[in-house]
Amino acid sequence: MDSLNNKVVIITGASSGIGKAAAHEFAKQGARVVLVARRADILSDVKKELVQYGREILSVPADISNEEDLQNLVQTVIQTFGVVDVLVNNAGVSMGGDFCEHDANDLKKMVEINLYAPMRLTQLILPLMLARKQGHIINVTSVAGIVLSPGQTAYASTRSGLTAFSHALRREVAGSGVRVSIILPGWTKTQMLEKMDLEKMRDAKLLNPFTTLDDPQVPARAIVDAALHNRKQVLLGGIQVRVGDLMTRLSPIRITDWFYRVLMNKEKLIAVMKDLG
Ligand SMILES: NC(=O)c1ccc[n+]([C@@H]2O[C@H](COP(=O)([O-])OP(=O)(O)OC[C@H]3O[C@@H](n4cnc5c(N)ncnc54)[C@H](OP(=O)(O)O)[C@@H]3O)[C@@H](O)[C@H]2O)c1
């Protein structure tokens with residue numbers, strides 16, 4: 001995509017954090033942005049902030065785990081703009097701690113929001129893109145889905161799942177004109193991280209000189225860059241994530257298991273992650 005000027009970009013989870021920062025970055029590039037999240041009042045504040053960039057902004061309050069809300073979202077966008085050029089599946093919720101202690105309803109809800117909803121929204125929008133032989137689906141997952149740490153078992157599974165979905169989908173639509181990208185943020189200073197104690201994270205070696213703690217603008221710019229330059233995958237989070245990624249892909253599983261058993265303190269990791277909710 002040479003330019004984002006006038007392109008119609010849907011961003012889920014646009015009321016805060018990475019989604020809100022991405023909405024600013026897209027609007028700055030001249031895109032017409034569709035803001036999606038549950039909190040209508042906050043969404044309307046974000047919409048007011050974006051007016052400065054001079055493009056039409058649409059706010060569609062929706063719970064992405066609700067089928068009716070998704071149908072209404074797509075219908076509203078098509079009625080308003082007629083097309084969707086970019087879909088950013090960014091909304092997500094976190095969950096951490098001892099896997100067995102997760103509430104069953106919360107667990108189901110997280111899987112619905114983090115994995116099923118982006119797949120379903122893609123299912124609703126992809127045929128429109130395929131018919132136009134153009135469009136870009138950008139899925140925001142997490143390095144958590146690569147490093148697969150204890151204490152993030154359930155959350156990491158949803159992030160890995162969305163990453164796997166994105167790779168397979170890219171192969172499925174290859175040659176159709178539709179692009180698929182994955183952005184994997186590392187620790188990012190958003191509402192999601194507000195619940196975490198940074199000191200405890202440092203003590204558990206989750207934050208160290210080889211990891212990054214980014215402002216939301218970092219993944220937001222990576223999302224826009226992926227849209228402009230068709231980056232297939234952008235891995236953020238620092239050198240430790242890259243090494244972890246290589247270890248997971250190249251070394252025998254027992255080496256990675258040994259890393260978590262011997263070099264990291266499993267109990268500490270699970271205790272720290274519990275703050276994620
Ligand atoms: N922060 C990090 O360290 C980090 C690291 C790696 C990956 N990520 C990923 O980045 C993405 C964005 O997270 P963030 O850090 O920016 O967190 P955040 O500030 O908590 O934002 C989450 C967004 O998702 C929306 N959302 C949650 N449930 C929703 C639902 N059912 N329907 C519609 N919208 C919903 C929230 O809006 P409402 O509450 O208004 O609905 C909010 O706008 C997530 O997918 C997360 O997994 C974050």
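**Entry 1**

Accessible areas come from the Shrake-Rupley method with a 1.4 Å probe, and for residues only the protein chains shown count as cover. I found Val243 in helix H10, residues 239–250. Helices (H or I, at least four residues) and strands (E, at least two) are DSSP runs, numbered from the N terminus. Val243 has a relative accessible area of 44%, so I noted this residue as partly exposed. Buried means under 20%, exposed over 50%, and partly exposed in between.

**Entry 2: ground rules**

A reminder to myself: this is a predicted model, where local features need pLDDT of at least 70 and side-chain atom pairs count only at pLDDT 80 or more, while totals for chains, interfaces and linings use all residues. Residues are numbered from 1 along each chain as its sequence is written, and side-chain values use heavy atoms, with hydrogens and water left out.

**Entry 3: around the ligand**

Next I looked at the backbone. A backbone N or O atom of Ile64 lies 2.9 Å from a ligand nitrogen, and one of Asn90 is 2.7 Å from a ligand oxygen. Thr188 places a polar backbone atom 2.8 Å from an oxygen of the ligand. Taken alone, the ligand exposes 890 Å², and the protein buries 95% of that.

**Entry 4: Ser15**

I located Ser15 in the loop between strand E1 (8–12) and H1. Is Ser15 buried or exposed? Its relative accessibility is 8%, so Ser15 counts as buried. The side chain of Ser15 makes a polar contact with that of Arg39, at 3.1 Å. A polar contact is a pair of N or O atoms within 3.5 Å; within protein, one must be able to donate a hydrogen and the other to accept it, and residues adjacent in sequence count only if both atoms are side-chain atoms.

**Entry 5: salt bridges**

How many salt bridges does a search of the whole structure find? I got 14, each a side-chain nitrogen of Lys or Arg within 4 Å of a carboxyl oxygen of Asp or Glu. Arg120 and Glu67 meet in one at 2.7 Å, N to O. This pair links distant parts of the chain, with Arg120 in helix H4 and Glu67 in helix H3 (residues 67–81), 53 residues apart.

I also looked up Arg249 and Asp245, whose closest N and O atoms are 2.9 Å apart. Because they are four residues apart in helix H10, about one helical turn separates them. Arg249 is exposed at 60%, whereas Asp245 is buried at 9%.

Technical notes:
Buried means under 20% relative accessible area, exposed over 50%, partly exposed in between (1.4 Å probe, protein chains only).
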